[in-house]
Amino acid sequence: MTGSAGLGDAGTFGEEGDAGLLSPVSASPLVGALTGDRAVLAAILAVESGWAAVLEKAGLAPAGSAAVVSAAAEPGRYSVAGIARRAQGGGNPVIPLLADLRKNVQALDGTGIGAGTAVHTSLTSQDVLDTALMLLARNAVEALLGDLKRTSAALASLAEEHADALCVGRSLTQYSLPFTFGLRAAQWFHGVAAAGRQLEGLAYPVQFGGAAGTLAAGTVLASGSSSTPFSLADALAAQLGLAAAPAPWHTNRLVVTSLGNALAAVLDAFGKIAADVLFLSRPEVGELAEPRAAGRGVSSAMPQKQNPVLSVLVRSAALQAPQLVAQLHLAAANFNDERPDAAWHTEWPALRQLLALALGAAGHIRELAGGLQAFPDAMRRNLDLAGPLLLAEGVGAAVAPLLGAKDGLTGKEQLQAVVDQTLQAPSGEQAATYRMLLRDAVPAGVLTDLRLEELLNPASYLGEAANISRRILAAFPEYAAPPEPSFTDANGDPRG
């Protein structure tokens, strides 16, 4: 395969570059199409083609130039592998790609209108690559948000369906208080919806600053016309569907770090769900199970296993994100001078990997949330295993103020002594021991048997669990409702 313009193989997903062999969470044609090398190439070419259209419309390039450049900018004309190898010569892929683009423009400019003058005029490599990465990110995030909203809608349904399903809450790996699965699902929803709003609030601005961020070449280009470098930059933003920028952001990388932060927040929310599902689907817990599919969850050695692979893949993405975001911030803090050196280069793979991980994980978490199996009977079984000690906080709050001092101990201290003695009993005897010691410690005149049983009923100590769930769902109505289908399948039926 050569790097000559028009001679390279167009390639397909996985044929040129990383196919994701060791990153299965993001190994999908969709992720490859939106974040792979060919997607980057297409985004760079879209910027160059868009710029030619802007110049022609402004009267700063010959009539017909945009059509010639657009035809020459067809991604299939270029070899990704060849451009990648040649990028080592100038340190970025824009330089060799431009050489090939100019050759193709010249070859296609049959009438000799001088369409080549519309290619890259007054731009610099960072303008093109930064803008191309914003275009890439915008497209990837649009797809990501679609999966995210389908996930949040499924979580909202789980929260509503299981609003009253009792389960045991856990803190620091130990039983804590009675809980509901509905609230757990609502909290999952809360994380996903809040991260989605943060992601939706991002802007994807065009970059246009010239060689040192002064727009010097753009000023020369626009001289004698009604355009200015700023109006040309705004026109490019409109052409590409990006945001206009008030000024060049060559060395101010908040755009990039904000995008990285938002992607990491999404993966954090996904990771929380995956971590919970991994624990709750353990055979000895058995409260949840992932949706099954042929060939999923298999072991190479143990035919009986059904591994929670969706959660494993999602969690693998969540665990990689913080280091990638840290790389973006490290780069931003080291953008020296008016054009940076290696710091800029380290952004590219980190940002693209974050996009790929988030997009890949979103597909898996969507399927997980949509098909998650919940087992309320197992939840209640585990709650009952926790025994009445689970209600010790509630008993103390209700009863301690009713007890007078005894043997120098306050009411609260007396009840703590009951708990301490109970914990010394064998685990299988603790429930009966707690009831007996509690009954002995609290006079019947202070606490009737009926009131004692009420206090030891897990459903009596859920606090505002139901209202918390309702408030969470009400705070994000756009994420609680299923999104409208975005396209149809081969049969014309709507798909999400």
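This is a predicted model: local features need pLDDT of at least 70, side-chain atom pairs count only at pLDDT 80 or more; totals for chains, interfaces and linings use all residues.
A residue counts as buried here when its relative accessible area is under 20%, as exposed when it is over 50%, and as partly exposed in between (1.4 Å probe, protein chains only). Residues are numbered from 1 along each chain as its sequence is written, and side-chain values use heavy atoms, with hydrogens and water left out.

**Overall build**

- The chain has 19 helices and 6 strands, taken as DSSP runs (H or I, at least four residues, for helices; E, at least two, for strands) and numbered from the N terminus.
- Its radius of gyration is 30 Å, whereas a compact globule of 496 residues would come out near 23 Å; the value is taken over C-alpha atoms, and the globule rule is 2.2 Å times the number of residues to the power 0.38.
- Along the principal axes, the C-alpha trace spans about 105 × 50 × 40 Å.

**Packing, surface and charge**

- Buried residues account for 47% of the 496 in the chain.
- Take the contacts (heavy atoms within 4.5 Å) between residues at least 6 apart in sequence: 75% of them join residues at least 24 apart.
- The 33 positive charges (Lys and Arg) and 45 negative ones (Asp and Glu) have mean positions 2 Å apart.

**Aromatic pairs**

- There are 4 aromatic pairs in the structure, meaning Phe, Tyr or Trp rings (the six-membered one for Trp) with centres within 6.5 Å; planes under 30 degrees apart are stacked, over 60 edge-to-face, and the rest tilted.
- One of them is Phe-181 with Trp-188, which is edge-to-face because the planes sit at 85 degrees, with ring centres 5.8 Å apart.
- Phe-189 and Phe-476 also pair edge-to-face, with centres 6.2 Å apart and planes at 75 degrees.
- Phe-189 is in helix H7 (residues 181-200) and Phe-476 in the loop between helix H18 (465-475) and helix H19 (477-480), so this pair ties together parts 287 residues apart in sequence.
- Phe-189 is buried at 0% relative accessible area, and Phe-476 counts as buried too, at 8%.

**A spot in helix H15**

- Thr-422 belongs to helix H15 (residues 411-423) and is buried, with 0% relative accessibility.
- Leaving aside residues up to four places away in sequence, Thr-422 touches Leu-389, Gln-430, Thr-433, Tyr-434 and Leu-437.

Terms used: The place of a charge is taken as NZ of Lys, CZ of Arg, CG of Asp or CD of Glu.
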